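Dear colleague,

I am passing on the structure below, together with some notes on what turned up when I went through it. Please read the notes with the coordinates open beside them.

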Amino acid sequence: MSDADLPDRIRRILVALDASPSSLAALRAAADLAARLDAELVGLFVEDINLLRLADLNLAREVSIFTSAGRLFDRQSIEQQLHSQARQARRALAQIGERGHLRWSFQVVQGIISQELLQAAENTDAIVLGKAGWSHRRQIGSTARTIAMLAPRHAIVLQFGSHFGIPVGLVYDGSPAAQRALASAGNLLENREGFLVVMILAQGAEEARQLQSEVGDFVRRHNLHIHYRWVARGDEVKLADLVRSERCGVLIVPATREALPEETLLELLDQVECPVWLVR
Amino acid sequence: MKAVHPLEAGALYTRSDPAQFNFETTNDLPDLLENLGQPRAVEAVSFGIGMEQAGYNIFAMGPAGTGKRSLVQSHFTGRASTEETPPDWCYVYNFSQPHKPVAISLPHGLGAALRQDMDRFIEELRTTLKAAFESDEYRARRQAIEHEYQEKQEKSLEGIQQRAQEQGFILIRTPAGLVFAPSRNGEVLSPEEFQNLPEEDRKRLEANLEGLQEELQNILQTVPRLRREFQERVEALHQEITNYSVGGLVDELQRKYAGYPAVVEFLLAVRADVVQSAADFINSEEENTRSNPESLLAAMMTRNRPDQAATLKRYQVNLLVDNQGLNGAPVIYEDNPTYQNLVGRVEHIAQLGALVTDFTLIKPGSLHLANGGYLVLEARKVLSEPYAWEGLKRALRSQQVKIESLGQMLSVISTASLEPEPVPLRVKVALVGDRMLYYLLAQYDPDFEELFKVQADFDEIMERDTDNQQKYARLIATLVHRDHLRAFDRGAVARVIEHSARMVEDAERLSTEVRDIANLLRESDYWSKENGNGVVTAADVQKAIDAQIYRADRLRQRVQETILRDIFIIKTQGSEVGQINGLSVIQLGGFSFGRPSRITAKVRLGKGDVADIEREVDLSGPIHSKGVLILSGFLGSRYSQEKPLALSASLVFEQSYAGVDGDSASSAELYALLSAISRVPIKQSLAVTGAIDQNGNVQAIGGVNEKIEGFFDICNARGLTGEHGVLIPAANVKHLMLRQDVIRAVETGKFFIYPIEHVDQGIEVLTGLPAGEPDQDGKFPPDTINGKVLARLEELAKKREELEAAERRKEMGEQEDK
């Protein structure tokens, strides 16, 4: 496999922006990735239609997280807040894009956040988003979870404050998605110092050796430093611990059902602190 | 009366015979180690050094160039080398009162060691803490705390989210908070959908919404408490990790400095502070990895947080005084004794537009550096620097150095600054200055004599005996060696000694103003380049002296020109009644020269007053006025004891447009007056200098050499006729060190110098007539000066009596008419 063999080389990266600290951290990571892959950054701010609808109801009171005080929730104030957030998000994107000499674009749409993001993701090669939105929760938020599971191609989920580091962790089971994941790892490490930790997911030692040999061929062609760990099928829960003990700076995971069960994927997203790159 | 004879040439100049020296050049002479001509000052300095009680500081006073500073410094250095090296002084952070840094004293050399140890400690602390906070154990324990906190938070929200869902709501995050929205299938109802609900359902939803909102508010109110609990637990974890990490490092240092309680106390405070500040270290580590401030506000917030570098800086040691490598006590000369250079200062650095400081910016003053030793200061500089004198006195009085800015000292600045702990002071200070400063301070500063009990008075002259001339030759050799000059042969040495005598205007004394001698040596060396001998000869010294005079004598030349061109009238031949050549000296910086002045006297019938015209127009100084009054006293006592003087006289310095002072012209004025009264002319080929007393004795004056040379130059330029000469007080003969051309003129009988003891001798020389001795009745022979004076006075008295009688008759006649 060579770069030319990669039909899904990442050229456009979508980043979901809502001006939250988490999304701004995601923006920085996305810019880093765009610079490494020479891709275009596409920023998208979604004005949550649910908020606007609720404001029109003129029924509810907004409770402040910091002061716990209640206040009226009307359309004018929420629109102002959303516009302000959009401006802030655009400014952050422009600043980062110009500083990194990146191609970038920015768009504001109105709708259900997850739906709009998934729709936009159809027109890009990868989506980068914060794991927990406005809260700093460790567990993945509902919007991020929906997108991570339904994103058509690459989805990269970042814990607040994390960034792409080394070594690059890769879960490999030989599936087509795993092969694409391996290629993505190759792209990420291209012309850079660092090494690859390949977590071979196999039924037994024989399959593991075979998979290792497949990876070996690729690695030799791309001149990568590599380190193998074997995980038996059924022991996927150990993957999170392995990522921690290997101190991976990013984890690339094949995210198809045949590669990893949905629960395992969600578990990994919840547990792992480094960015998780889901490849389909 | 003793007859006056002109001086022989040998009396005009006291030579220094090169033959008295048993060396060829100064290369044969060893350096002079003693301080020449200053026995009093040497003893005073030695006494001052020996007295250990407070207040026995030294004021070395005397004219500039007498070697005060070098003598004091060499004595200090000699004594300091036998004394113990004083301790080092450090400033460290005060953890309980940060604005009052603590001063720590350590045996010399240990200050630098402590500083190095603390720098190493900081470096190790950085790596140890980094490793500790990156350890799996720390991560695991921190994550456990975080997870617990997050779970508590999530659980409290999950409960309400579930209840909300059961009641037909979903919880939505807004940009600024949380809000419940009525929903169906996970989507918020539109206003139309909500309005289409049965009224009963709407009311139920609204009622439920109130309850949910209230409950949410209650939950959110617990968040700060949860967060505080979390922070406390994280902090406790940090302190545990830090305490463990730092313990070993501090223990090691504590063992090393166990003998120094102040250091141990500091180390314990450091340990407690490291543990207390654990959050700063971990915040700083996290900041380094996460932060990428994109706005000014973010940048400022980051800066306002105590960062790791600021925290670690507190553990540094500011080594204020490092006596490592010093053998014995320090001897410091402070060239620029400003207040801050003496007592030290706290520097500031600009940070975000504000001036900030800390204990590492405390800088020592020369009092710190000289502590335990000796400090030499120029008195004039100390007194001319604002508040330096006050600062020095305060330090000496309180025997401690307290660093205060001038603003603090004057209470004009109340901004927060440091108040470093004062350092105990034990120092011997020597102030070097001229005598006037000493006497002014002694007179007007009540603290001065308490703090500077030892006066070392430096003499500017020394006796010119054989032994001292030998020593002077060694002094010259020492200066030649010091300045790497060509060797001086003994003729040159002798010439320098002669010039030294001329410098102090005394053939029997020598100058101790080493600076001027050193200048002459250097300049002689310069002129000797061309002589081809490789050594400096007497001719080179003479050339240097001549060149010095030439460089300075522009004004003298102008004055002489105006006389020679008869603009300024000075007669040097013939005779005149009531006119005489007086002599004065003009001082211009370090150069002085003599100038003749024409003094005239006029008499008329009067009431016995002698008018000094200079005094009448305020051009006369008090000493000159005194001289004129003395000569009035002489006239009265000699010629008019029984009856009042019947004349009025006026005296004037002709063509004098500036002030006149000094009494050296009083004899000349008297001669002019006697000539005017007696109508006997005075020889204009002579000039006169000398003060008189009321008995007519002629007394010594200053500048005799310059005065003689000044008149000689005029006569010489007009052509010496064998009649020219100068009358000087006999007491000044021992001061004569005249120029060689004057001496040659005397030798050849073309110029004469008369030593005068009494005015009667002088008037005889000036008029060629005998002065006249009084007979038994007090009458003088008629053909003598005194006889003629007396006769004229009697004539005037008679005229006055006749006039008075006529007036009386006239008055009586007028009364009878009435």
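With which residue does B:R69 form a salt bridge? The model is a predicted one, and in it the partner of B:R69 is B:E378, with the closest N and O atoms 3.8 Å apart. Because B:R69 lies in helix α2 (residues 68-80) of chain B and B:E378 in strand β13 (residues 374-378) of chain B, the pair ties together parts that are 309 residues apart in sequence. B:R69 is itself partly exposed, with a relative accessible area of 32%.

B:R225 is partly exposed at a relative accessible area of 42%, and B:E229 counts as partly exposed at 32%. B:R556 and B:D553, by contrast, are both buried, and the closest N and O atoms of their salt bridge are 2.9 Å apart. Salt bridges with shared partners also join B:R502, B:E706, B:E709, B:D713, B:R739 and B:D741 into one network. Over all chains, a search of the whole structure finds 59 salt bridges.

How many salt bridges are there between chain B and chain A? The count is zero, although seven residue pairs, both members at pLDDT 80 or more, are in polar contact between the two chains. On the side of chain B that touches chain A, α6(B) gives the most, with eight residues, and by class that side has 15 nonpolar, eleven polar and ten charged residues. In total, 36 residues of chain B are in contact with 38 residues of chain A, and the two chains bury about 3500 Å² between them, 53% of it on carbon and sulfur atoms. Strand β3 (residues 61-64) of chain A is also joined to β5(B) by two bridges, the strands running antiparallel, and A:S64 stands opposite B:G177 there.

Elsewhere in chain B, strand β22 (residues 591-605) is mostly covered, eleven of its 15 residues being buried. Two residues lie between β21(B) and β22(B) in their hairpin, and B:G589 in the turn has a positive phi of about 60 degrees.

With best regards

Note on methods
Residues numbered from 1 in each chain as written. Chains lettered and ligands numbered in written order. Predicted model: local features only at pLDDT ≥ 70, side-chain atom pairs only at ≥ 80, totals over all residues. Heavy atoms only, no water. Contact = heavy atoms within 4.5 Å. Buried area = accessible area lost by both parts, 1.4 Å probe. Salt bridge = Lys/Arg side-chain N within 4 Å of Asp/Glu carboxyl O. Polar contact = N/O pair within 3.5 Å; in protein donor to acceptor, adjacent residues only side chain to side chain. Helix = DSSP H or I, 4+ residues; strand = E, 2+ residues; numbered from the N terminus. Nonpolar A, V, L, I, M, F, W, Y, C, P; charged D, E, K, R; others polar. Pairing = 2+ DSSP bridges. Buried < 20%, exposed > 50% of the residue type's maximum accessible area, 1.4 Å probe, protein only.
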